[in-house]
Amino acid sequence: FDQIQPPIKVAFFDLGGVVFSFNGLKTLAQMVHKPPAEIRDYWISRDNDLCRGVLAPQQFYMDLVSHFGMGDPDLDFLHTWTSEFEAISETRLAMEAVRLRGVSLGIVSNIYPGFFDFAVTMGAVPAYDYAVVVQSCELGIVKPDPEIFNHALRLARVLPEEAVLIDDRAENIEAVERLGWYSLPFPPSRN
């Protein structure tokens, strides 16, 4: 994270896998009392709709319960899912160091409706005054679509060469590099 300093003006962080960790598949499996392997394909088939905001998280959970015939239909999916988020201390320290260097912080994440605010409330995401927060569910666009990154640049009023993305997914890193951004794969030791 030491290379994140001016002329970089905004450091955009992904959330899941970078700012907080969680095991979504394991959590879903526990919710419906099924092995993770049984629900993996179902979750993957619906994840894009959740991230684009076209499927409400609670409706997804109700559909999951119905599909597998197991699980508590009264469970609050948002609270249960986000309660599994754990802040990644290395990232939190890096965010603070970046701020102290005069670089603004931003978020660009594929995330379900309502989850960002609740993750901040629960402490899994630091409650900073972010320059920009781009949530896929609000735009209807998911990473690695270049438009989500261009939207973040427009909101931040910076050029691609003034932005860096910290992300745990290679396809997102590659997408911003094609647009002229700097990138930092997470964890930093990853090639």
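## Helices α2 and α3

α2 and α3 pack at an angle of about 155°, and their axes lie 11 Å apart. Axes here are lines fitted to C-alpha atoms, for helices over the stretch in contact, with angles running from 0 to 180 degrees between N-to-C directions. That makes α2 roughly antiparallel to α3. Angles over 145 degrees count as roughly antiparallel, under 35 as roughly parallel, 65 to 115 as roughly perpendicular and the rest as oblique.

From α2, the residues Glu 38, Ile 39, Tyr 42, Trp 43, Arg 46 and Leu 50 take part. They meet Pro 57, Phe 60, Asp 63, Leu 64, His 67 and Phe 68 of α3. Contact means heavy atoms within 4.5 Å. By class, this contact has eight nonpolar, one polar and three charged residues. Ala, Val, Leu, Ile, Met, Phe, Trp, Tyr, Cys and Pro count as nonpolar; Asp, Glu, Lys and Arg as charged; the others, Gly among them, as polar.

## About the model

This is a predicted model, in which local features need pLDDT of at least 70 and side-chain atom pairs count only at pLDDT 80 or more, while totals for chains, interfaces and linings use all residues. Residues are numbered from 1 along each chain as its sequence is written, and side-chain values use heavy atoms, with hydrogens and water left out. Helices (H or I, at least four residues) and strands (E, at least two) are DSSP runs, numbered from the N terminus.

## Helix α1 and its partners

α1 also packs on α3, which spans residues 57-68. Their axes come within 10 Å and cross at roughly 55°. That makes α1 oblique to α3. The crossing is right-handed. Leu 28, Met 31 and Val 32 of α1 touch Phe 60, Tyr 61, Leu 64 and Val 65 of α3. This contact has seven nonpolar residues, no polar and no charged ones.

The axes of α1 and α2 come within 9 Å and cross at roughly 110°. That makes α1 roughly perpendicular to α2. On the α1 side the contact is made by Gly 24, Leu 25, Leu 28, Ala 29 and Val 32. On the α2 side it is made by Pro 36, Ile 39, Arg 40 and Trp 43. These residues divide into seven nonpolar, one polar and one charged.

## The largest pocket

The largest pocket has a volume of about 600 Å³. On a 1 Å grid over the protein atoms alone, a pocket is an open set of points with protein on both sides within 12 Å along at least five of seven lines. Grid points are joined across faces, edges and corners, and the volume is the space filled by probe spheres set on the points.

The lining has 26 residues, each with an atom within 4 Å of a point. Phe 22, Asp 47, Cys 51, Asn 110 and Arg 169 lie nearest the centre. α1 (24-32), α2 (36-51) and α9 (170-178) each give two or more residues. α2 gives the most, with four. By class, the lining has 13 nonpolar, seven polar and six charged residues.

## Backbone details

A cis peptide bond joins Lys 143 and Pro 144, with omega about 15°. Pro 144 sits in the loop between α7 (136-139) and α8 (146-156). Another cis peptide bond joins Phe 186 and Pro 187, with omega about 0°. Pro 187 is in the segment after β7 (182-185).

His 33 has a phi near 55°, a positive value in a residue other than glycine. His 33 is found in the loop between α1 and α2.

Note on methods:
On a 1 Å grid over the protein atoms alone, a cavity is a set of points where a 1.4 Å probe fits but cannot get out, and a pocket is an open set with protein on both sides within 12 Å along at least five of seven lines; lining residues have an atom within 4 Å of a point. A crossing is left-handed if the near helix is turned anticlockwise from the far one by less than a right angle, and right-handed if clockwise.
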